[in-house]
Amino acid sequence: MNAPTNPVRANPGMDSDTFEQFAEQLERYVKERLIPAEEEVIANDAVPPEIIDEMRDMGLFGISVPEEYGGAGLNTSQYARVVNMMSYAAPAFRSIFSINIGMFASALKNGATEEQRQEWYPKLVEGKIACFGLTEPGSGSDSAGLQTTAKPDPDGNGWTLNGTKRYITNAPHADVALIMARTEKENLPKNAHVSAFLVPMDAPGVSTGSPDKKMGQSGSHISDIMLDDVKVPGDALLGGETGKGFRFAMQSLDNGRISVGAAATAYARRALDSALRYANERQAFGEPIARFQLIQAMLADSETEIYAAECMMRDVTERADRGENIITKAAAFKVFASEMCGRVVDRVVQIYGGAGYLAEYDAERFYRDARIYRIYEGTTQILQLQIAKHMLREWEKENL
Ligand code: COS
């Protein structure tokens, strides 16, 4: 059963002709500019700065920001399609702007005061980079267990933050972080001990660790953020109220899960296209391996599953645009798309055979890059629990 549509939150987005024109250009940009640049991204573990500038010029860093604040005002369906199109190329290209247009923009939309929106939306549009500080060394899935503290200053005019955030995507490049911190010592019902703060990364006391070495996703960087007696003004508190940070973070994660699902779906498509080409080139027993039915089964299963994820993406994002509550469907999409991508890249390595194990061929990096999709923005297991919790709650409402 779905929550009723809320007309206040329904989002028509950019007018569809303009969006389709933009989508066509973006698709061309991905194929003609980003894919040829992948080798350089991998060799240097960095997205070339000129590509970041081009992406800024295309407005990608603020594409979901409402038009009245200078953005392109994409709705959730359009946002997911942009993420999906960009994620056909190496994951680092999505990564550099995805927090801006996803979790950070979402937190501003759901939680910020008008003054905060006026300050931060235009900065996203300009291309400033945002990161999202929820996870800590001692709390990942158990996000409400965070230990970072925000204490009110004695004069009542600001806050002092202390703590460490871990695995923060884009932290080494970010201009601003949304930091979830504890404003109460003890855990409160509904996690009301958590509040969210807009923290400029150049504030005194903020530092970042060196980028972590990872299994895949070259060119995308994560690191710790250390907060050492960081003083922020009173208006850095998101929404101007304490106790709302967990809710804002979870709402942002609904959006982040759509982004990961869209990215995983596109990357599965990329890997499958590559396997299709390889299966037609590679000869065995005197003919292309694509002629063999056991290879065909792997191709067909992958096509079927990618199609299912594409349909889920369309459905969940249209529901979001109608203002429906999408907590469970965003989680279900992320679970299915990320697990599906894992199965597809595994089959793709199998189709490539021995070559699939070599770094010289694409299949090996597809396999490594895809692994994180099942983990970040909510592991499959945490999302299974979330989906079941809401199913049981609905059932009880209707039956008890
Ligand atoms: N939208 C709006 N409000 C939400 C919400 C959402 N998606 N999720 C939670 N809330 C609010 C609600 O008020 C909720 O109370 P009700 O369910 O009674 O309405 C309250 O927050 C508490 O939520 P919940 O009971 O789900 O919190 P738990 O402490 O049980 O924690 C899990 C839930 C474990 C699911 C949560 O901590 C989580 O999602 N962890 C994974 C975090 C994650 O994805 N990390 C990835 C890295 S961050 S980039």
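A: In this predicted model, the axes of helix 3 (residues 49-57) and helix 5 (residues 91-111) come within 11 Å and cross at roughly 50 degrees. That angle makes helix 3 oblique to helix 5, and their crossing is right-handed. Helix 3 brings Ile51, Ile52 and Met55 to the contact, and helix 5 brings Phe93, Ile96 and Phe97. By class, the contact of helix 3 with helix 5 has 6 nonpolar residues, with no polar and no charged ones.

The model has 2 cavities of 30 Å³ or more, and helix 5 gives the largest share of the lining in each: 4 residues in the largest cavity and 5 residues in the second largest cavity.

The largest cavity holds about 50 Å³ of space. Its lining consists of Arg94, Ser95, Ser98, Ile99, Thr169, Tyr376 and Glu377. These divide into 2 nonpolar, 3 polar and 2 charged residues.

The second largest cavity holds about 30 Å³. Around this space lie Tyr79, Arg94, Ser98, Ile99, Gly102, Met103, Gly256, Ser259 and Glu377. Helix 5 and helix 7 are the elements that give two or more residues to this lining. By class, the lining of the second largest cavity has 3 nonpolar, 4 polar and 2 charged residues. Arg94, Ser98, Ile99 and Glu377 line the largest cavity and also line the second largest cavity.

Helix 7 (245-281) takes part in an open space as well: along with helix 1 (16-34), helix 4 (76-86) and helix 8 (293-321), helix 7 supplies at least two residues of the lining of the second largest pocket. About 550 Å³ of space lies in this pocket. Its lining has 23 residues, and Phe19, Arg81, Asn84, Met85 and Met313 lie nearest the centre. Helix 1 gives the largest share, 8 residues. The lining of the second largest pocket comprises 8 nonpolar, 6 polar and 9 charged residues.

For another helix pair, take helix 9 (residues 327-352) and helix 10 (residues 362-370), whose axes come within 9 Å and cross at roughly 160 degrees. Helix 9 and helix 10 are therefore roughly antiparallel, and their crossing is left-handed. Cys341, Val345, Asp346, Val348, Val349 and Tyr352 of helix 9 meet Ala363, Phe366, Tyr367 and Ala370 of helix 10. This contact has 9 nonpolar residues, no polar ones and 1 charged residue.

Technical notes. Residues numbered from 1 in each chain as written. Predicted model: local features only at pLDDT ≥ 70, side-chain atom pairs only at ≥ 80, totals over all residues. Heavy atoms only, no water. Axes fitted to C-alpha atoms, helices over the stretch in contact; angles between N-to-C directions. Parallel < 35°, antiparallel > 145°, perpendicular 65-115°, else oblique. Left-handed = near helix turned anticlockwise from the far one by under 90°. Contact = heavy atoms within 4.5 Å. Nonpolar A, V, L, I, M, F, W, Y, C, P; charged D, E, K, R; others polar. 1 Å grid on protein atoms, 1.4 Å probe; cavity = no way out; pocket = protein on both sides within 12 Å on 5 of 7 lines; lining within 4 Å. Points joined across faces, edges and corners; volume = space filled by probe spheres on them.
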